[in-house]
Amino acid sequence: MIRIYNSQVREKRDFDPIEEGKVRMYVCGPTVYDQIHIGNARTFLSFDVIRRWLIASGYEVTFAQNLTDVDDKIINRANEQGRASEEVAKEFSDAFIAQMRRFNIMDPDIRPRATQEIGPMIAMIKSLIEQGHAYAADNGDVYFAVRSDEHYGQVSGRKIDDLMVGARIEENEDKCDPLDFALWKAAKPGEPSWPSPWGQGRPGWHTECAAMVHRYLGTPIDIHGGGGDLAFPHHENECAQATCCWHAPFANTWMHTGMLRVDGEKMSKSLGNFYTLKEVLDEHSAPALRLLMLQTHYRSPLDFSYERLEGAENSLARIATAVENLVWAANHGAAADAVDAAAAAKLDAAVSAARDEFEAQMNDDFNTAGALAAYFGLVTEANTYLEQAAGAIDEEAARACAASIIGAFAVLGIEVPVREGVDLPDELAALAAELVAFEGDDVAAAAEALLDARAQARAAKDWARADAIRDRLKELGLVVEDTASGARIKRA
């Protein structure tokens, strides 16, 4: 049974989908006026992993995520650059999709764009006006009447009267109440606009998601998610519109991610610690960034630093080396009568325990930190097994352990950068030909030839030739590792 922390009720509850075996899930997408920053990326990663685990658990998941391609931020950026807002929105919509794929985030099943959903939004606004939950102002704007919703505050837990105390509310004489928010904004000169019953204009930010969810997923949905900063007012306002318009709950489970900090401080351009996803991925691998972020529970604040990211790269390398060693050992396993059965049984038990702990942690509100810890422990067990069993390796146990490690990380969308056995870069074939007159394209055979050449040189005490082989390998980023089961070539 999967248990999820529902931020609306502030407790974990057993996940009970509306339709057995199926999950309808919506996560608010970006406003496309610039490259997304790593705080955005943390949220999208969290829900990508949640989606992956639901699928791995046997659910049929329908996942929708919007693109806000008309908004004040886009218009302002376009004006700054002397461009059309449509051009800016397209550039950064494409950039967002590209960076998500680069970060190994699965494409949504449905990706509606605000500019293509104007009709459904207008229909929803008209219905809200007819039901007394919204009103058209003289200036062409349309506002939602917050006090008409007796349940307003149900998502964030805030009370209407408390919102007025110390609140920084923009003065607007066109509103009936300072708390009311725009559903439709009258067009200003030079801005993109669409015809409506209230004149030319465009939708308010809070309007689009409610209309899109209802159109593509129906209401209620199983899960609605986003960053913690969206709980109020964005998600609160979405929920108010939807419940008042269609008289049904909007989402059964609300999920929100924790904020990201950089070196213990709030990320901001003024502090010089503001990083886009693109610039981080230009310097580091996507698997390492995923690993770093998933070592913190999605609801907890995440502290990012390049030092921690380097640590994640090193952790990935250690995991990859353990898997490569397991596969290599399996390829050179002992004869059946020489296998260390007790050590193999201990490794099998460790694999089973890690798998069970991984599942338990993921079922407990998608605790990726605990799930990863289970497999970090298994990597340690695997290294101990390889050292202790040495020349008595059980092929089946070694392969099963390697497959379990790779499989668990794959569930989290983390690709462990391993090569199986001695499957080495093609350039080694040329190096082997130079050193030992080996001809051919069989890279594994080239590696074996290199190892044989080095062994012969060492046996003849030709240390200069043995060192030459080692040095040429080092130039290619490879090293020779001497183990109890023999020598092998691996990455530096």
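Strand S3 (residues 22–27) pairs in the parallel sense with strand S4 (residues 60–65) over six bridges; helices (H or I, at least four residues) and strands (E, at least two) are DSSP runs numbered from the N terminus, and two strands pair if DSSP finds at least two bridges between them. From S3 the chain passes through H1 to S4, and this β-α-β crossover is right-handed, a term that applies if, with the strands pointing away from the viewer, the path from the first strand over the helix to the second runs clockwise. The model is a predicted one, in which local features need pLDDT of at least 70 and side-chain atom pairs count only at pLDDT 80 or more, while totals for chains, interfaces and linings use all residues. Residues are numbered from 1 along each chain as its sequence is written, and side-chain values use heavy atoms, with hydrogens and water left out.

S3 also pairs in the parallel sense with strand S9 (residues 221–227), here over three bridges.

| Residue | Bridge partner |
|---|---|
| Val23 | Val61 in S4 |
| Tyr26 | Ala64 in S4 |
| Tyr26 | His224 in S9 |

Four strands form an open sheet with parallel pairing in the order S4-S3-S9-S10. S4 and strand S10 (251–257) stand at the edges with a single partner strand each, so one side of each has no neighbour in the sheet. Neighbouring strands of this sheet are turned by 20° against each other on average, direction ignored; axes are lines fitted to C-alpha atoms, for helices over the stretch in contact, and angles run from 0 to 180 degrees between N-to-C directions.

A further open sheet of four strands has the order S5-S6-S7-S8 and antiparallel pairing. Its edges are strand S5 (134–136) and strand S8 (201–203), each with a single partner strand, so one side of each is left without a neighbour in the sheet. The twist from one strand to the next averages 20°. Within this arrangement, strand S6 (residues 142–144) and strand S7 (residues 181–186) run antiparallel and are joined by three bridges.

Helix H1 (residues 38–56) contains Arg51, which counts as buried because its relative accessibility is 5%; buried means under 20% relative accessible area, exposed over 50%, and partly exposed in between (1.4 Å probe, protein chains only). Leaving aside neighbours within four places in sequence, Arg51 is in contact (heavy atoms within 4.5 Å) with Met25, Val61, Phe63, Met106, Asp107, Pro108 and Asp109.

Ser300, by contrast, lies in the loop between helix H9 (286–294) and strand S13 (302–304), and at 30% relative accessibility Ser300 counts as partly exposed. Not counting residues up to four places away in sequence, Ser300 touches Arg42, Gly258 and Met259. The C-alpha atoms of Ser300 and Met259 are separated by 7.4 Å, although the two residues are 41 residues apart along the chain.

Finally, the axes of helix H10 (residues 306–331) and helix H12 (residues 368–389) come within 10 Å and cross at roughly 40°. That makes H10 oblique to H12, since angles under 35 degrees count as roughly parallel, over 145 as roughly antiparallel, 65 to 115 as roughly perpendicular and the rest as oblique. On the H10 side, the residues making the contact are Ile319, Ala322, Asn325, Leu326 and Ala329, and on the H12 side they are Phe376, Val379, Ala382, Asn383 and Leu386.
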